[in-house]
Amino acid sequence: MIPFNKPYLTGNETKYIEEAVKSGKISGNGIFTKKCQHFFESNYGIKKALLTTSCTDALEMAAILINIKEGDEVIMPSYTFVSTANAFVLRGAKIVFVDSRKDHPNLDESKLEALITSKTKAIVPVHYAGVACEMDAIMALAKKYNLFVIEDAAQAVDSYYTGKDGVKKALGSIGHLAAFSFHETKNIISGEGGLLAINDEQFVERAEIIWEKGTNRSAFFRGEVDKYGWVDIGSSFLPSEIIAAFLWAQLENLEKIQSVRKSHWENYYSKLKDWALENQIELPRTPNYATNNAHMFYLICKDLNQRTKLIEHLKEKEILAVFHYISLHKSPFYSLKYNGKPLLETDRFTDTLVRLPLFYELNFDKVIDVLVKSNL
Ligand SMILES: *Cc1c(COP(=O)(O)O)cnc(C)c1O
């Protein structure tokens, strides 16, 4: 059986966990946490990185940081994971969904401006499959209307955007805030895990306080204050050193992991091209301004029927392919609250997109062989 995902271990995870345990410091914000945070700050041009227990938590921190209140509006794609929306709903926001682009599940930047009202507080672009949204357009709107941009970079580690100025920027370093995920289905993993990237200086100090349960403990340990206490709202957002130790073993091997994933991705692409054309199936597209970090290899079928057949066919040959997302504006939780326009491209991706297995130890030849022999 070829699973949809298999977590890859570099070999150093248990060694570093043992080190963390033996060091006697296993709660959060120790040596491994700092190594991981520094990795993101120095490699990706992020002003301040804070490790979190999940991307969901990092998004919740972002919602607190920009002071989301009852009635505020937050614009985001409907074709995304629930956490993108939940973080803001938890603080009373109304979610305004924008449709996906025709050529990509990412949000359609040309449809954003019409959705902005006096209540709009933030835009949350999701870099689907690690492919950049059109950030120049999004940042320009944010500036014009005084909005915050929070990148959902859950899938976007080691991926880049090149704007009109020709400067290549890492995803997660562009918005005021950004959130990464290290869930076991992502490229770089720690089981559960995430990171909040802070690029706007004004949020740095408060982010640390929210992260430390609403206390100024971090400042205390740096000797900046002589006692620490409750100074703001917050929660338990920082992971233990055991998680950070695992993550460090992964980050040390990022280049190797990425090069293997990219090679699998390229193999899928080149060997499925003709077959896809014959069957009216679309392969993923990467716009010129974006890079591909090989987070995901997906197919866009011609209709729901073809996708169902394809998934069934692969299953018979013991290969697990999966689809996602049931668009959030049609979810049992949010559909009654949704009063926007129909989102036709979102609906199309919900019905037709299917993800093929993609992981380090994948035997992609078998998947390709089964697919090219299939007639859909
Ligand atoms: C995986 C994912 C999340 C959630 O990440 P967790 O670390 O599991 O909380 C959020 N948004 C997107 C787009 C994701 O793919």
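At what angle do helix α1 and helix α8 pack? Select residues 13-22 for α1 and residues 241-251 for α8: the angle is about 145 degrees, and the axes are 8 Å apart. (Axes are lines fitted to C-alpha atoms over the stretch in contact, with angles from 0 to 180 degrees between N-to-C directions; helices are DSSP runs of H or I, at least four residues, numbered from the N terminus.)

Before going on, note that this is a predicted model, where local features need pLDDT of at least 70, side-chain atom pairs count only at pLDDT 80 or more, and totals for chains, interfaces and linings use all residues. Residues are numbered from 1 along each chain as its sequence is written, and side-chain values use heavy atoms, leaving out hydrogens and water.

Next, show the side chains between the two helices. On α1, pick Glu-13, Tyr-16, Ile-17, Ala-20 and Val-21; they meet Glu-241, Ile-242, Ala-245, Phe-246, Trp-248, Ala-249 and Gln-250 of α8 (contact means heavy atoms within 4.5 Å).

Now move to the ligand. A polar side-chain atom of Thr-56 sits 2.5 Å from a ligand oxygen atom; for Ser-181 the distance is 2.7 Å, and for Gln-155 it is 2.8 Å.

Definitions and conventions
A polar contact is a pair of N or O atoms within 3.5 Å; within protein, one must be able to donate a hydrogen and the other to accept it, and residues adjacent in sequence count only if both atoms are side-chain atoms.
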